[in-house]
Amino acid sequence: LFEASYDRNKFKPGAIITATVVDIQGEEAVVDAGMKSEAFIELSQFQDLNGTITVSIGDQVEVFVETTVDIAGETRLSREKAQRVETWNRLEQAMNSGEILTGFVTNKV
C-alpha cells in the first residue's frame, strides 16, 4: 500500500517538497515528508538573521531533497537549500518583470 502511494518523482534529488516538523530533538528538527521514514534537519537551518529558531512542532516547511537511497533508505533533506532555491526563483521573477528589489548584504563570497 505504501509503495503504491509513493510518488518517486516527488522525492527525486533536487525537488522541493513540503514536510511537517513532528519533533525537535536536541539540535535537530525531525520532519515527516510523507516518506517511509522521518528525516532530521539541523536546527541551525531554521534560524533567522538574529539566530532565533523559527520553527515549532506542527509547522509545515519547504525542504530540498538532497539524496534518497531508495524507498527503504535514508533521505537527507535541507531547509537551507530550499530557501536558496526559493530566493533564486524570486530574484529571477523580479528580473524578468523588471521589478526593483530592496535588500541588504549578509555575506560575501
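Which residues line the largest pocket? The lining consists of Ser-44, Gln-45, Gln-47, Asp-48, Leu-49, Glu-80, Gln-83, Arg-84, Glu-86, Thr-87, Phe-104 and Thr-106. A pocket is an open set of points on a 1 Å grid over the protein atoms alone, where a 1.4 Å probe fits, with protein on both sides within 12 Å along at least five of seven lines; lining residues have an atom within 4 Å of a point.

This is a predicted model, in which local features need pLDDT of at least 70 and side-chain atom pairs count only at pLDDT 80 or more, while totals for chains, interfaces and linings use all residues. Residues are numbered from 1 along each chain as its sequence is written, and side-chain values use heavy atoms, leaving out hydrogens and water.

Phe-46 touches Ala-29, Ile-41, Thr-52, Ile-53, Thr-54, Val-55, Val-61 and Arg-79, not counting residues up to four places away in sequence; contact means heavy atoms within 4.5 Å.

The structure holds 5 salt bridges, each a side-chain nitrogen of Lys or Arg within 4 Å of a carboxyl oxygen of Asp or Glu. Among them are the following.

| Salt bridge | N to O distance |
|---|---|
| Arg-76 and Glu-66 | 3.3 Å |
| Lys-81 and Glu-66 | 3.8 Å |
| Arg-90 and Glu-99 | 2.8 Å |

Salt bridges with shared partners join Glu-66, Arg-76 and Lys-81 into one network. Arg-90 counts as partly exposed, at 34% relative accessibility, and Glu-99 is likewise partly exposed, with a relative accessible area of 39%. Partly exposed lies between buried, under 20% relative accessible area, and exposed, over 50% (1.4 Å probe, protein chains only).
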